[in-house]
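Please look over the structure shown here before reading the report, and keep it in view while you read.

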Amino acid sequence: MSPRVHLRDDYLESRLIRRRLVFSAVFIFVLITLVLGRLYVLQIVDYAHFSTLSDSNRVRIKALPPTRGLIFDRNGVVMANNLPSYRLEIVSEQVDDIDLTLQQLSRYIDFSEQDLKRFKEASHRRRPFESIPLKLNLDDTEVARLAVNLHQFKGVEINARLTRNYPLDELGVHALGYVGRVDTDDLTKVDEANYAGTSHIGKLGLEKFYEDELHGRVGIQQVEVNARGRTLRVLSEIPPVQGNNLYLTIDSKLQKAAELAFGDNAGSVVAIDPNNGEILALVSMPTFDPNLFVNGIGVDLYSELRDSLRRPLFNRALSGQYPPGSTTKPFYGLAGLENNTISKNKKVFCRGYYLLPNEERRYRDWKKEGHGLVDMKTAITQSCDVYFYDLAYSQGIDKMSAFMSEFGFGVKTSIDSTGEKPGIMPSREWKRKAQGMIWFPGETIITGIGQGAMLVTPLQLANSTAAMALKGKRYRPYLVGAIDSSQTDLVREIQPEVVGNYQLKREQNWQHIHKSMVNVVHGLRGTARGINRGLKYKVAGKTGTAQVYGVAQDEEYDAETVADKLRDHALFISYAPAEAPRIAVAVIVENGGSGSSVAAPIARKVMDAYLDRPS
Amino acid sequence: MSHDINSEQMSVTRRLLDALRLDPVLLALLFILSAIGVVLLYSAGGSDVDLMIRQAVRLSVAFLLLVVVANIPLRLIKKASFILYLLGVMLLLAVMFFGEVGKGAQRWLDLGFIRFQPSEILKLAVPMVVAAYLSNRLLPAGWKELIVSVVLVMIPVILIARQPDLGTAILVGSAGFFVLFLAGVRWKIMMILGVLLSLMAPLLWKVALRDYQRERILTLLNPESDPLGAGYHIIQSKIAIGSGGVYGKGWLNGTQSQLDFVPERSTDFIFSVFGEEFGFFGSVLLICLYVVIIYRGLYVAASSSDNFGRLLAGALSLTFFVYLFVNTSMVTGMLPVVGVPLPLISYGGTSMVTLMMGFGLIMAIRSSKRFWN
């Protein structure tokens with residue numbers, strides 16, 4: 001080390017500092033080049049990448065839910081529409097602490113466990129910036145209470161949306177069905193993209209069957225949003241396409257008359273126009289209000305409906321299967337004539353019961369003392385069981401079964417709704433398949449009066465009656481008569497479809513049965529003569545009383561002592577006007593007792609409402 | 001004729017500037033830069049005129065202070081260095097005990113009529129005191145000078161880092177060390193210092209840095225690890241700049257900025273707005289403008305007649321560069337997010353005033369040279 005020089009050498013010192021300054025300048029140049037290089041990479045090399053990211057930041061696709069198609073009755077009365085209702089929705093992305101928010105919200109409104117569960121489910125499925133409904137159908141007080149406090153909740157919105165509404169309430173619910181909130185299961189059955197903005201989907205009945213028609217097409221909106229997800233402007237929009245409107249074959253006035261006619265009874269009425277298969281009324285009693293299901297029915301209310309002994313949720317018209325009882329007699333009678341098993345004038349002696357050769361068992365007639373000597377007309381008019389036991393014995397199950405199938409017994413009608421059951425038309429083959437057993441002759445006997453294994457749905461019975469009215473020509477029954485396409489303004493009429501066309505061997509055979517059925521209502525000893533007073537048109541009908549409860553051999557059936565649930569079902573089938581039928585009706589009153597006193601008057605009211613109304 | 005009038009006017013302007021002891025080149029560049037800043041702020045602030053006016057007012061005050069500082073005799077500045085430094089350190093200590101907490105850090109001191117950050121004083125006081133000290137010693141600086149200087153620098157740096165304000169600590173620290181570097185500390189010693197610092201790094205990591213600072217550094221290394229949390233700033237800023245492309249989306253048209261995707265867009269991340277709206281082309285021009293200002297400062301340093309002026313002007317210019325470099329590197333994702341604004345453009349008062357006063361010092365140095373000549 002050189003000894004320190006105490007003299008300041010300004011030249012050397014300034015040269016030293018300058019050298020350092022020059023070095024700094026160079027160093028700055030290098031670092032700035034680095035920054036510029038970085039900018040070059042970001043803005044030029046990776047421009048496309050960042051440009052895309054920037055667009056996906058700001059542009060969002062919003063689904064615009066379509067308006068669900070309306071449902072009208074055959075006269076244009078609205079049966080299902082859409083009303084604005086307020087719902088509480090949450091955009092989860094904008095909420096910092098969702099649990100806290102939910103907890104705080106619960107101070108202002110009640111929402112059920114179910115609401116919460118559905119909300120959580122939907123939040124997993126939907127994207128974080130979509131608004132997810134927490135509670136639908138807020139009432140005015142709830143809206144007011146929330147609106148005042150909304151400022152403290154970020155990402156919580158009250159939105160007005162159109163929601164399904166059934167203005168006639170419970171009227172025709174089993175024909176219409178209802179919509180409910182979309183769940184994960186539903187989405188597996190539809191095009192999920194089309195349901196991006198949809199909150200409701202058809203769950204039952206027509207609403208479900210015609211879901212594709214009613215729903216419409218989702219609209220798409222491209223919007224620009226800011227970092228908090230707020231929509232600033234619409235960039236482009238494909239408007240949603242409204243769902244198609246349905247015009248039903250149902251006549252809501254007739255439907256109403258039919259439901260009123262039932263009173264407090266449980267059961268079903270189905271009225272069909274035999275000339276084309278249009279269903280004029282489809283009643284299952286008791287009913288319930290489908291509006292309850294639209295916005296999520298409460299657990300309590302639901303279990304009350306579900307567990308009710310009267311089973312209001314059960315669609316008896318399509319899913320209820322009942323023994324048809326004596327209402328089968330005109331069909332078996334026609335079978336006997338057509339198969340040449342019996343002649344119309346052959347008489348059978350009825351002594352109150354029937355015995356199979358070499359058997360002890362007594363097949364009893366409903367009339368203990370017997371009807372005496374009866375021909376077919378009398379047997380149908382007075383509903384003699386013994387006559388038909390004998391006829392069944394002579395025909396055998398194979399012929400019976402084959403003939404009845406021609407009239408639609410034992411097969412689904414293929415109605416355009418959900419939940420239809422096929423009923424049972426017993427045969428040897430059916431028994432082998434269903435029970436793995438051979439057919440016993442005794443079963444033929446009871447099948448001959450519509451008991452035993454034989455089951456029908458009210459819809460099926462009405463449709464078979466319609467086929468009887470039309471001499472064997474059977475249409476597929478249907479509920480939707482026309483579809484009004486919202487896109488094209490074209491109304492698509494649904495064409496009647498002939499599904500069975502039994503050719504009579506002899507016209508007189510049918511005429512004879514037909515006359516006998518008219519006699520049931522209009523004859524002096526007809527079982528349904530009680531309803532003929534004041535009738536302005538002729539009715540062909542047949543009563544039926546189906547046993548629910550097996551009466552032992554030496555026991556008497558006594559309506560008074562038998563519990564309600566085990567009492568006989570009352571049935572009645574009819575078509576009118578007899579000479580040119582326009583309506584065919586089947587009535588089943590559960591545990592109603594006798595067909596003539598309970599079921600027939602209901603049918604009369606239905607026919608009156610349709611045929612005898614001031615127009 | 002007109003030429004004569006023009007040249008006469010020129011000379012009047014010239015004489016006025018000389019009388020005010022101002023550097024016309026530097027002043028013009030600073031004006032341009034400030035003007036760009038105000039216009040950009042209108043866009044970055046979401047077309048908020050009030051914000052723009054507040055910034056313009058602040059700029060006026062800052063320019064006024066620049067003129068005031070430029071007119072203080074250099075000898076006085078040198079003499080005042082140590083007092084200013086002491087005052088600054090004492091205020092830092094005061095902040096530690098009585099300061100106000102804002103955004104999780106204790107930086108502000110409320111004197112009743114004004115709220116300010118004492119750390120700003122040290123941005124000037126530290127290079128001043130080290131330059132004053134070293135200019136009284138023989139150069140190149142030896143071990144003793146080195147140790148004294150390091151102690152002078154580290155006391156405020158540690159206090160500031162503990163506030164915690166990593167950005168300012170870096171700026172203050174680098175200002176001090178730039179003086180040392182310019183004073184000719186041997187390369188070997190610089191290297192040893194560098195090695196020592198890097199050996200201390202793990203210790204600093206554990207002791208000096210707070211959790212959020214550590215997180216920021218980790219985030220820089222892998223911003224996508226937490227796209228909605230700490231990495232969000234960097235990712236959105238990069239998207240903004242990158243989507244600007246060559247010519248940018250145009251003033252007021254940057255979607256990333258205007259739609260709030262860029263955080264802190266009028267303050268620390270204002271360069272992202274600029275990059276998005278004016279593209280690569282604009283960014284290069286802007287950075288060139290900065291570089292010219294810095295080189296002008298270095299030129300003043302090189303042509304100064306005494307060591308105090310050389311060291312101080314050089315260190316201040318280099319510190320200005322550190323602002324620029326750290327801010328642009330931070331918004332482009334090359335450095336962790338430390339709170340360093342884009343000098344003279346980011347919204348915010350204190351740092352702008354300090355920077356302008358720094359340029360006032362540079363101008364004072366320049367005119368003192370002319371004075372002595």
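This is a predicted model: local features need pLDDT of at least 70, side-chain atom pairs count only at pLDDT 80 or more; totals for chains, interfaces and linings use all residues.

Residues are numbered from 1 along each chain as its sequence is written, and chains are lettered from A and ligands numbered from 1 in the order in which they are written.

An open sheet in chain A has 5 strands in the order 12-11-23-22-21, with antiparallel pairing, where strands (E, at least two residues) and helices (H or I, at least four) are DSSP runs numbered from the N terminus, and two strands pair if DSSP finds at least two bridges between them. Strands 12 and 21 of chain A form the edges, each pairing on one side only.

| Strand of chain A | Residues |
|---|---|
| Strand 12 | 279–285 |
| Strand 21 | 540–546 |
| Strand 22 | 569–576 |

Strand 21 of chain A is joined to strand 22 of chain A by 7 bridges, and A:Ala540 has A:Tyr575 as its bridge partner in strand 22.

Helix 10 of chain B is mostly covered, since 11 of its 13 residues are buried, that is, 20 or more other C-beta atoms, placed from the backbone, lie within 10 Å of their own. This helix is followed by B:Gly245, whose phi is positive, near 65°.

Conventions. A residue is buried if 20 or more other C-beta atoms lie within 10 Å of its own, exposed if 12 or fewer, and partly exposed in between; C-beta atoms are placed from the backbone.
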